[in-house]
Amino acid sequence: MLAAELRLHDVRVLVLEKETEPVSFARIVGLHIRSIELMAMRGLLERMLERGRRRPAGAYFAAIDKPAPEGLDSAHAYLLGIPQPVIVHLLEEHAIERGAQVRRGCALAGLQQDDDGVTVELAGGEQLRSRYLVGCDGGRSTVRKLLGVGFPGEPSRTATLMGEMEVGVPQEEIAARVAAVRETDRRFSIGPAGVGVYRVIVPGAAVGDRGQPPTIEDFQQQLRTIAGTDFGVHSPRWLSRFGDATRLAERYRVGRTLLAGDAAHIHPPIGGQGLNLGVQDAVNLGWKLAAQIRGWAPETLLDTYQAERHPVAEDVLDNTRAQMELLSTEPGPRAVRRLLTELMDFDEVNRYLLEKITAIGIRYDFGAGPDLLGRRLPDIGVKQGHLYGLLHRGRGLLLDRTERLTVGGWADRVDYLGDPTAALDVPCLLLRPDGHVAWIGDDQQGLDEHLSRWFGNPN
Ligand SMILES: Cc1cc2nc3c(=O)[nH]c(=O)nc-3n(C[C@H](O)[C@H](O)[C@H](O)COP(=O)(O)OP(=O)(O)OC[C@H]3O[C@@H](n4cnc5c(N)ncnc54)[C@H](O)[C@@H]3O)c2cc1C
């Protein structure tokens with residue numbers, strides 16, 4: 001995602017990936033509303049929809065069985081279920097189409113930086129030089145470790161086994177047993193995942209050796225412990241294990257090297273937020289780093305990446321901590337779960353939690369101003385169709401109902417749309433390339449100040 005964002009601004013990008021082949025195990029992930037909106041903003045949504053399945057966004061918090069609230073402020077108010085390898089493939093294809101270079105089988109092993117750039121060393125000894133480096137290399141990030149950036153938080157306390165396999169008993173028998181166990185243990189599930197194949201998720205006994213993949217015997221044993229039967233599981237397609245470690249990088253930037261995605265934050269998968277958070281990091285960072293490289297970035301622009309995204313990750317870590325507690329089988333957390341289940345009948349509570357999990361409630365701190373300032377603008381209808389259709393190129397956009405203002409010397413970075421739509425109830429609004437509202441007003445002087453703040457000096 002970041003590679004494609006940088007390419008929108010003609011930055012030369014090289015992606016180094018240590019694996020020679022894409023990972024095949026089909027972790028199904030959900031793209032939440034904000035990520036779906038970002039895909040629409042970059043013209044990627046059609047291909048995602050072709051390969052995914054839309055679902056109502058219910059049972060989104062700690063698997064509490066509640067529907068999403070009605071009338072959400074989004075043209076894309078659903079959950080898109082789509083296997084992670086498909087997302088990775090589509091994003092890679094998109095980045096390559098835009099001109100990014102991807103080199104597989106290249107593991108970064110060392111890095112050094114100076115005032116002009118970064119030199120990285122690959123595992124084979126080859127050295128490469130670039131102006132900036134972004135470590136998007138996952139929770140065990142080599143880049144983060146080489147930078148010496150702390151990753152404080154909590155280690156894994158529980159392990160969960162997950163895999164796809166065949167079963168030896170009828171579906172009805174499985175469904176009845178699963179329903180009975182889930183009365184008390186929500187971390188357990190078995191469901192169809194294709195012809196004759198079931199996806200099994202079962203709490204692991206102890207944290208175990210995460211370097212080793214689990215075996216089918218591990219699954220059989222845990223199923224017997226948790227459900228009283230192993231359902232005759234056999235013939236696994238793939239088996240994996242995940243933990244609930246929760247950690248956040250102390251800094252997102254050291255000199256010319258930055259961190260994004262799981263390299264910057266890890267948390268339990270409850271609520272399906274990790275990949276979403278990383279995609280959103282990338283869209284926040286892309287245009288800022290591009291501006292820095294193209295030479296028009298205001299001095300502090302690149303540092304707003306950490307200022308804006310670190311608190312968002314902090315909040316996601318906290319909501320996953322809360323959700324994990326709510327899955328506990330202990331009497332106290334179960335009582336809190338019952339209480340929250342009742343509270344979620346209040347529309348405002350339900351809406352607040354959904355906006356948190358789907359990231360449409362995020363408001364960056366751009367200073368004092370109307371509530372819309374710092375928030376993302378939904379995909380409203382405009383004369384030319386949909387607003388997000390005008391953001392494919394990753395540029396700023398001025399929506400001007402007064403038709404009196406101008407983007408003047410910033411026209412090479414910011415587009416102008418006069419008389420956009422009656423649906424907009426403010427006179428003028430400046431959007432950043434990530435779709436967040438950077439300014440609201442009706443005077444040229446105020447606009448120019450904010451164009452300078454976000455887009456540097458005019459031409
Ligand atoms: C069971 C489970 C379910 C999940 N469900 C969801 C969900 O529904 N929704 C959601 O949003 N998230 C979900 N997640 C989280 C999601 O999978 C991660 O947040 C996401 O994969 C992070 O993406 P990333 O690109 O930052 O890191 P990764 O996916 O870890 O990718 C890092 C890449 O860097 C490469 N790499 C590592 N080291 C080097 C090196 N030294 N040199 C070169 N390349 C290197 C790796 O090979 C890898 O390809 C789930 C996670 C789990 C475990």
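Buried means under 20% relative accessible area, exposed means over 50%, and partly exposed is what lies in between, using a 1.4 Å probe and the protein chains only. Keep those words handy for the walk that follows. This is a predicted model, so local features need pLDDT of at least 70 and side-chain atom pairs count only at pLDDT 80 or more, while totals for chains, interfaces and linings use all residues. Residues are numbered from 1 along each chain as its sequence is written, and side-chain values use heavy atoms, with hydrogens and water left out.

Let's start at the ligand. There are 25 residues around the ligand, and E17, Q84, D262, L275 and N276 come nearest; to be near, a residue needs a heavy atom within 4 Å of the molecule. Sorted by type, the shell has 10 nonpolar, 9 polar and 6 charged residues. Here Ala, Val, Leu, Ile, Met, Phe, Trp, Tyr, Cys and Pro count as nonpolar, Asp, Glu, Lys and Arg as charged, and the others, Gly among them, as polar.

Now look at the individual atoms. The side chain of N276 puts an N or O atom 2.8 Å from a ligand oxygen, and a backbone N or O atom of G272 sits 2.9 Å from a ligand nitrogen. A polar backbone atom of G274 is 3.3 Å from an oxygen of the ligand. On its own the ligand has 1000 Å² of accessible area, and the protein covers 78% of that (areas come from the Shrake-Rupley method with a 1.4 Å probe, and for residues only the protein chains shown count as cover). Two or more shell residues come from each of β1 (14-17), β2 (28-31) and α8 (274-294), with α8 giving the largest share, 3 residues. Such elements are DSSP runs numbered from the N terminus: helices are H or I with at least four residues, strands are E with at least two.

Stay on helix α8 for a moment, where you'll find V283. V283 counts as buried because its relative accessibility is 1%.

Next come the charged pairs. The structure holds 31 salt bridges, each a side-chain nitrogen of Lys or Arg within 4 Å of a carboxyl oxygen of Asp or Glu. In one of them, R376 meets E37 at 2.7 Å, N to O. R376 is buried at 6%, and E37 is buried at 0%. K18 and E19 also pair up, at 3.3 Å, N to O; here K18 is exposed at 55% and E19 is partly exposed at 36%. Elsewhere, K288, E308, R432 and D434 are linked in a network of salt bridges.

Finally, check the backbone. Most residues other than glycine have a negative phi. F231 has a positive phi of about 55° although it is not a glycine; F231 sits in the loop between α7 (216-227) and β14 (234-243) and is buried, at 2% relative accessibility. A359 also has a positive phi, about 65°, without being a glycine, and A359 is buried at 12%.

Definitions and conventions
Polar contact = N/O pair within 3.5 Å; in protein donor to acceptor, adjacent residues only side chain to side chain.
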